[in-house]
Amino acid sequence: MNQQLSLVTLGVEDLKVSRRFYSHGLGWTPLLDLDEIVFYQVGKGLALALFPLADLGADTGHVATAGTPFTLAQNLDSPAAVDMVVQRARAAGATVLKEPQRAAFGGYHGYFADPDGHRWEVCHNPGWSVADDGTVTLTAVEAADAGD
């Protein structure tokens, strides 16, 4: 199996509510928007899908439950961008789990949960960079280097 991820599918209780949250609330543009599923391009070769929880359970053959035991994350260009995204998510109905603040890793971050409890970290990590070919480089960041 290749070391790659192509699609993340989130099981959602109410597809209309989740579509409204991501498309209108966060301002995301669907890649494909069907009655039964919505796809968003979220990176090079990476998409996020919203799929009704009951349908996800039926598709996998196992009961699917709401919420996630993991966190999705988005790295942004600045602490100000983190503040803006968390405010936009809050206005769209997200539950802010952690207000934006300095992070132990030296950057700046906050957390929110979408209407189904899927947790998102929005952060500025100056040690994170992505090359034109999509390769991620991570370097340690000293707290003093985290600047605004």
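**View 1. His124, a buried histidine in a predicted model.** In this predicted model, we start with His124, which has a relative accessible area of 10% and is therefore buried, since buried means under 20%. You can find His124 in strand E8, which covers residues 119-124. Follow the side chain of His124 and you will come to the backbone oxygen of Leu76, at 3.1 Å.

**View 2. His118 and the residues around it.** Here we look at His118, in the loop between strand E7 (108-113) and E8. Is His118 buried or exposed? With a relative accessibility of 2%, His118 counts as buried. A polar atom of the His118 side chain lies 2.9 Å from the backbone oxygen of Gly11. Leaving aside residues up to four places away in sequence, His118 touches Leu10, Gly11, Val12, Gly67, Thr68, Phe112 and Ala113.

View 3. A pair of aromatic rings is described by the distance of the centres and the angle of the planes. Rings count as paired here if their centres lie within 6.5 Å, and by this rule there are seven aromatic pairs. In one of them, the ring centres of Trp28 and Tyr40 are 5.6 Å apart and the planes stand at 75 degrees, so this pair is edge-to-face. Trp28 sits in the loop between helix H1 (15-25) and strand E2 (30-33), while Tyr40 belongs to strand E3 (residues 38-43), so the pair ties together parts twelve residues apart in sequence. Trp28 and Tyr40 are both buried.

How values were computed: Residues numbered from 1 in each chain as written. Predicted model: local features only at pLDDT ≥ 70, side-chain atom pairs only at ≥ 80, totals over all residues. Heavy atoms only, no water. Phe/Tyr/Trp six-rings, centres within 6.5 Å; stacked < 30°, edge-to-face > 60°. Helix = DSSP H or I, 4+ residues; strand = E, 2+ residues; numbered from the N terminus. Buried < 20%, exposed > 50% of the residue type's maximum accessible area, 1.4 Å probe, protein only. Polar contact = N/O pair within 3.5 Å; in protein donor to acceptor, adjacent residues only side chain to side chain. Contact = heavy atoms within 4.5 Å.
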